[in-house]
Amino acid sequence: MNTNEVALVTGANKGIGREIARQLATLGLTVYLGARDNERGRTAAAELAGDGDVRFVQLDVTDPDSVAAAVKAIEADAGRLDVLVNNAGIAVEWDTALVDLTAEHLRTTYEVNVFGVVTVTSACIPLLRQSPNARIVNISSSLGSLAKLSDFESPQSKHQLLAYSSSKAALNALTLSYAAALRADGIKVNAATPGLVPTDINAGAPIPRGNRTVADGAAAPVYLATLPADGPTGVSRGPNPDDSIPW
Ligand SMILES: NC(=O)c1ccc[n+]([C@@H]2O[C@H](COP(=O)([O-])OP(=O)(O)OC[C@H]3O[C@@H](n4cnc5c(N)ncnc54)[C@H](OP(=O)(O)O)[C@@H]3O)[C@@H](O)[C@H]2O)c1
C-alpha cells in the first residue's frame, strides 16, 4: 500500500488513464483524476469512489491556465505530488493518407502528446520536489520507437502515422531529457507503453484492435508509477512491466 502518496493522472476520465487512476487508488494513493471536461471528469471520479480516494481536477493539457489552476488546487489540498502520469493523448490521422497530412495534423497532435506533457510536467516539478520518491510516467507507444520504425519488417513501420508516431518519438526524447535533468532531484522519469488496447483513441484504426483490456494496458504504467526509491529512471517499459521497448 502506498498510503499518503499523491498522484495526478492526465486524461483519466476514460480508457487506460481511468484504469491507471483506479489501480493507483486501490493501492492506497490519493489520486487526482485529471480531465478536460467537468462532467466527464466528475462522472469518472464518482464511478471510482469505491476504489479509493479519487478526486476530480479539471485539467486541459493544452491550456496553461487550466494546468496552473489544477496544480494550485493540488498544492492547496495535498501539498505535494509523488506521481505524475502524463497519459492524455490523441491520434487524428487514421482516415488520412500520409501524403495528405499537413503540418496542422502534427500541430494538433503535438499540442496534446508533446507540448501538453511539457506544460504539465513543468507545472508539477515544484510539487514533485516535495516528495522523497517522485515518479513521472509518460505514456508512450511502440509506434514512437525509432528502433521499431527503422525495421521495415516491423508491424509499427506499416502504420505510417506521421503525426502520432513522431509525437511519441518526441515524447521519448522528452522522457530521457527530463530523466537526466531531474536525476539529481531524485525524480524518476520513465516511459510506459500500454500495447494495443481497443479504446476511443484507435476506434478509427483500419486494423483489428484485439481484445487486450485497459487493465492489460495499465500494467506497465502502474508498475513505473509505483517504483521504489531505488528503481530505475530513463527506461522504457511495456507492454509487460518487465519488458523493455527499444527507444
Ligand atoms: N489504446 C492503445 O492501444 C494505446 C497504445 C499505445 C499508447 N496509448 C496511449 O495511451 C494513452 C491513453 O490512451 P487511451 O487508449 O486510453 O485513449 P482514450 O480512451 O481516447 O483516452 C484519451 C484520454 O486523453 C484525454 N485527452 C485528450 N485531449 C486532452 C487534453 N487536451 N487535455 C486533457 N486530456 C485530454 C481524453 O479526454 P476526452 O474524453 O475529454 O477526449 C481521454 O481521457 C495515450 O497517451 C495514448 O497515446 C494507447
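How are α3 and α4 oriented to each other? Before answering, I note that this is a predicted model.

**Entry: α3 and α4**

I looked up the two axes. Helix α3 covers residues 64-78, and α4 covers 103-128. Their axes come within 10 Å and cross at roughly 20 degrees. Angles under 35 degrees count as roughly parallel. Therefore α3 and α4 are roughly parallel to each other. I also checked the hand of the crossing of α3 and α4, and it is right-handed.

Next I listed the residues that make the contact. From α3 I have P64, V67, A68, V71, I74 and E75. From α4 I have T119, V120, A123, C124 and L127. I sorted the residues of this contact of α3 with α4 by type: nine are nonpolar, one is polar and one is charged.

**Entry: α1 and α8**

I turned to a second pair. Helix α1 runs over 15-26, and α8 over 214-225. The axes of α1 and α8 are 9 Å apart, and the packing angle is about 55 degrees. Is that parallel or oblique? Roughly parallel needs an angle under 35 degrees, and roughly perpendicular starts at 65. So I wrote down α1 and α8 as oblique to each other. The crossing of α1 and α8 is right-handed.

On the α1 side, the contact is made by G15, I16, E19, I20, Q23 and L24. On the α8 side, I found V214, A215, G217, A218, P221, V222 and A225. The contact of α1 with α8 has nine nonpolar residues, three polar and one charged.

**Entry: the ligand**

How many residues surround the ligand? I have 28 in my notes. The closest are G11, G15, G89, T199 and I201. By type, the shell around the ligand has 10 nonpolar residues, 12 polar and six charged.

Helices α1 and α4 each supply at least two residues of the shell. Both names were already on my page from the packing entries.

**Entry: A203**

Where does A203 lie? I found A203 in the loop between β6 (188-192) and α8. Is A203 buried or exposed? I have 10 other C-beta atoms within 10 Å of A203. Exposed means 12 or fewer. So A203 is exposed.

Last, I compared A203 with K14. The two are 189 residues apart in sequence. In space, A203 and K14 are 14 Å apart, C-alpha to C-alpha.

How values were computed: Residues are numbered from 1 along each chain as its sequence is written. This is a predicted model: local features need pLDDT of at least 70, side-chain atom pairs count only at pLDDT 80 or more; totals for chains, interfaces and linings use all residues. A residue is near a molecule or strand if its C-beta atom, placed from the backbone, lies within 6 Å of it. Helices (H or I, at least four residues) and strands (E, at least two) are DSSP runs, numbered from the N terminus. Ala, Val, Leu, Ile, Met, Phe, Trp, Tyr, Cys and Pro count as nonpolar, Asp, Glu, Lys and Arg as charged, and the others, Gly among them, as polar. Axes are lines fitted to C-alpha atoms, for helices over the stretch in contact, and angles run from 0 to 180 degrees between N-to-C directions. Angles under 35 degrees count as roughly parallel, over 145 as roughly antiparallel, 65 to 115 as roughly perpendicular and the rest as oblique. A crossing is left-handed if the near helix is turned anticlockwise from the far one by less than a right angle, and right-handed if clockwise. Two residues are in contact if their C-beta atoms, placed from the backbone, lie within 7 Å. A residue is buried if 20 or more other C-beta atoms lie within 10 Å of its own, exposed if 12 or fewer, and partly exposed in between; C-beta atoms are placed from the backbone.
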